[in-house]
Amino acid sequence: MDVDVLVVGAGPAGLMLACELGLAGVRTVVVEQQVQRPGFCRGFNLNARSLELLDRRGIADRFLAAGPTVPTMTFSGLRRPLDLSAMDTDHPYVLGIAQTRVEELLQERANELGVPVWWGHQLIDLHQDVDTVTATVDTPTGQARIAAAYLVGCDGGRSTVRKLAGIAFPGTAASRYTLLGDVALADPTALPFGPTITEHGSVFVIPRPGYVRLITAEPEPPSDRDAPVTLAYLQTVVDQAVGRHVPLTEPRWLTRFSNAARQAERYIAGRVILAGDAAHIHPPAGAVGVNVAIDDAMNLGWKLAGAVHGWAPATLLATYHSERHPAGAQVLRNTRAQALLGKPDDRFAPLRDLFTEVAELPAVNKHLAELVTAVSTRYPMHNDSDQAHPWLGRLTPNLQLTNGVASTSVAQLLDAGRAVLLDLADQPALRATAAAWQPRLTIHTARCPEQPELHALLIRPDGHTAWITPSTGDQIASLHHALETWLGTPTTGGTVDVL
Ligand SMILES: Cc1cc2nc3c(=O)[nH]c(=O)nc-3n(C[C@H](O)[C@H](O)[C@H](O)COP(=O)(O)OP(=O)(O)OC[C@H]3O[C@@H](n4cnc5c(N)ncnc54)[C@H](O)[C@@H]3O)c2cc1C
């Protein structure tokens, strides 16, 4: 085996996964077909969920230093933005940060953790058998074969890995196309920022440092969606939409995107796994693609590490599909709903008015904000019941903890990428049970003044609550079961190494 995991694609999904695998000591290589990161930038934001996840690895500050935060976000079709300050999160805002900067920071971190990115390496074929995946890769010095225990396709919406693995990609085909131009306006006052709507069409102008991003509907679906968008063509469409000539210059990036929505039928096919856009594509409403890619990678990383290191129970890796496939389906549902609601069609105006009114109800605003930013993500748990604690399956809140000598927080305890048993009521018997799972588990005894009634929690490496002291029954047996479910069979005995 040349590596434990071969990651294909150095976008947000591949790089975040590289960080997670590097942290877990998994021998990983990322191959990227481009020779360097391109000059254009697709996305420009990170949402609350991404920042929460990055916080649980101690690196959110690197990202927060890179841009401004905004406490509102657009929900396509609503006449007023959603108020994010109502969300249950440490980060009730959107961070304005270029996707290219996100990628640079993730690559920096992956390199710090010993994971290299091999630029100019394109996967062209793969073959898997019972215990190996062999990839054929075009490299700057010729073709190479790389053998790995697992291969993860983080290679974007047109994923070669997905196709080679024979994974179906059902969904709805594109019916509308949108043109995007990163350009300069010869006369900067010719179009205002935001929407310009006329009887002929509309153009949306987003200010960017040194240029503007123009977005306008393509009048007819193109006969070849891969045909390059030229400045002359964009010029014609923009002029038609605004009903006058608005000279455009200095094209940086001209492209088109569609409203297609598709999702891989399986996220795992033997030793081949998909993450990010390779697993799901959706209309760009809400600007969430980078964030979902990071989310997929954070869910997958520790499970894959467990499989590579040999401690993962047989069922663990499969939970990547059973947890992230429904999360992806939810993204498709809400982005498609936004695309419909935001359709530039006057017949939809009464719907927009009605939804705008309803979304102003505080509970609806909060629900929508937590839905589109994935703050309300909850995974089904082995110990679910009608009486389950509301935190079960959700990201554990970033509780502040003290043991009289030092203070810490849930996010800090998760920095190492290991599961955490939080003993908040000084229970030696619980600690002794959990000790057998060290070093996969950090055991921490402390008090949590903000949650005095809480006795103990098991937190998965990705920050989700896996177990909370049950109010009835045998606590030790139920903790034992939770530990086996998420961390496999115990290592032998051992003393309790309390942080
Ligand atoms: C116009 C536009 C605006 C957007 N704005 C936002 C936004 O504001 N916020 C947001 O969150 N999302 C936004 N998105 C979505 C976001 O850009 C994507 O969802 C995100 O990049 C997905 O990350 P990924 O890592 O899964 O895939 P990608 O970023 O597509 O990365 C895949 C990588 O794999 C490489 N690759 C492909 N095939 C191979 C191969 N065979 N061998 C080796 N390497 C390969 C590619 O070169 C690429 O670098 C936007 C998208 C578009 C098109």
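Modeller: We may begin with cysteine 448, which is buried at a relative accessible area of 5%. Buried means under 20% relative accessible area, exposed over 50%, and partly exposed in between, with a 1.4 Å probe and protein chains only. The model is predicted, so local features need pLDDT of at least 70 and side-chain atom pairs pLDDT 80 or more, whereas totals for chains, interfaces and linings use all residues. Residues are numbered from 1 along each chain as its sequence is written, and side-chain values use heavy atoms, with hydrogens and water left out.

Biologist: Is cysteine 41 buried or exposed?

Modeller: Cysteine 41 counts as buried, at 7% relative accessibility.

Biologist: How many disulfides does the whole structure contain?

Modeller: A disulfide is a covalent bond between the sulfur atoms of two cysteines. The criterion applied here is a pair of cysteine sulfur atoms within 2.5 Å. A search of the whole structure returns zero disulfides. For cysteine 41, the closest cysteine sulfur belongs to cysteine 19 and is 18 Å away, so it is too far for a bond.

Biologist: How should I read a strand, and which strands are joined to β1 by bridges?

Modeller: In a regular strand the side chains alternate between the two faces of the sheet. Strands (E, at least two residues) and helices (H or I, at least four) are DSSP runs numbered from the N terminus, and two strands pair if DSSP finds at least two bridges between them. Strand β1, residues 3-8, runs parallel to β11, residues 142-153, and five bridges join them; valine 3 stands opposite alanine 148 in β11. Four bridges join β1 to β2, also in parallel, and leucine 6 has valine 29 of β2 as its bridge partner. Six of the six residues of β1 are buried.

Biologist: Which residues are closest to the ligand?

Modeller: A residue is near a molecule if one of its heavy atoms lies within 4 Å of it. The ligand is surrounded by 32 residues, the closest being Glu32, Arg42, Asn45, Gln99 and Asp277. By class, this shell has 14 nonpolar, 14 polar and four charged residues. Helix α7 gives the largest share, four residues.

How values were computed
Nonpolar A, V, L, I, M, F, W, Y, C, P; charged D, E, K, R; others polar.
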